[in-house]
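Subject: Structure for you to look over

Hello,

Here is the structure I said I would pass on. My notes on it follow below.

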Amino acid sequence: TTRDPPKQPQMMEAMRTAAYDTVQIMYSLAERTCTEELLPLATEMNIGVIILRALLGLLAPDILTTEAGPGSLHAANERGAFDFMKPLGAATPGQALLKYVLAHPAVSTIIPATSKVERIAENVAASGGEALPPEALRKLEALVD
């Protein structure tokens with residue numbers, strides 16, 4: 001996972017006041033620190049979770065380059081690393097990444113934020129079907145760990 005977002009402790013303190021029905025946070029395959037404390041607290045406090053930036057930059061060729069290997073999620077896609085997701089209802093890498101975030105039981109909804117009309121149907125399709133099994137989640141995490 002990546003470093004703690006700077007506002008996470010303050011957000012959790014605010015959540016504990018029980019003054020909020022929902023929170024809006026960043027959570028993605030690249031940014032998973034919220035799974036350690038924030039998302040469990042949201043579940044405990046019965047607070048809805050809206051995810052933003054679930055895809056931001058994740059499939060660009062120069063993003064998420066790892067020290068150990070040949071590359072980015074773009075490179076992983078080029079070598080077929082997302083193919084195992086097709087039988088699980090994710091026909092594209094973008095859908096796989098959205099399904100990853102939706103698989104967390106604390107997540108209520110995602111704001112995928114797209115500037116391309118053709119992506120709307122692709123994004124909506126990611127919400128269909130069953131939640132991803134733990135093995136699929138681990139395989140996706142292995143792409144960036």
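**What was found**

R32 is buried, with a relative accessible area of 6%; buried means under 20%, exposed over 50%, and partly exposed in between, taken with a 1.4 Å probe and protein chains only. This is a predicted model, in which local features need pLDDT of at least 70 and side-chain atom pairs count only at pLDDT 80 or more, while totals for chains, interfaces and linings use all residues. Residues are numbered from 1 along each chain as its sequence is written, and side-chain values use heavy atoms, with hydrogens and water left out.

**Salt bridges**

The side chain of R32 forms a salt bridge with that of D145, at 2.6 Å from N to O. R32 sits in the loop between β1 and α2, and D145 in the segment after α6 (134–142), so the pair ties together parts that are 113 residues apart in sequence.

Among the others is K86 with D83, where the closest N and O atoms are 3.6 Å apart. K86 is partly exposed at 49% relative accessibility, and D83 is partly exposed at 43%. Another is E122 with R119, with the closest N and O atoms 4.0 Å apart. E122 and R119 both belong to helix α5 and are three residues apart, about one turn of the helix. R119 is partly exposed, at a relative accessible area of 36%.

**Overall layout**

The protein has six helices and three strands, which are DSSP runs numbered from the N terminus (helices H or I, at least four residues; strands E, at least two). Along the sequence the pattern reads α-β-α-β-α-α-β-α-α. Of the 145 residues in the protein, 37% are buried. The accessible surface comes to about 8400 Å², and 54% of that belongs to carbon and sulfur atoms; areas come from the Shrake-Rupley method with a 1.4 Å probe, and for residues only the protein chains shown count as cover. Among contacts (heavy atoms within 4.5 Å) between residues at least 6 apart in sequence, 72% join residues at least 24 apart.

**The strands**

Strand β1 (residues 22–26) pairs with β2 in the parallel sense over five bridges; strands count as paired if DSSP finds at least two bridges between them. β2 also runs parallel to strand β3 (residues 109–111), joined by three bridges. I51 of β2 is the bridge partner of I25, and I51 also has a bridge partner in β3, namely I110. Four of the five residues of β2 are buried.

β1, helix α2 (residues 38–45) and β2 make a right-handed β-α-β unit. Right-handed means that, with the strands pointing away from the viewer, the path from the first strand over the helix to the second runs clockwise.

L52 is part of β2 (residues 48–52). Not counting residues up to four places away in sequence, L52 touches Q24, I25, M26, Y27 and I111.

Helix α4 (residues 93–102) is mostly covered, with nine of its ten residues buried. Among them are P93, G94, Q95 and K99. The buried residues of α4 pack against β2, α3 (73–78), β3, α5 and α6.

A90 lies in the loop between α3 and α4 and counts as buried at 1% relative accessibility. Leaving aside neighbours within four places in sequence, A90 is in contact with M85, Q95, A96 and K99. A90 and A126 are 36 residues apart in sequence, and their C-alpha atoms are 6.4 Å apart.

**A nonpolar patch**

V117, I120 and V124 make a nonpolar surface patch of about 300 Å². Patches consist of residues with over 30% relative accessible area and no salt bridge, with like charges joined within 9 Å and nonpolar side chains (Val, Leu, Ile, Met, Phe, Trp, Tyr) within 5 Å. V117 is in the loop between β3 and α5 (118–125) and counts as exposed at 66% relative accessibility.

Regards
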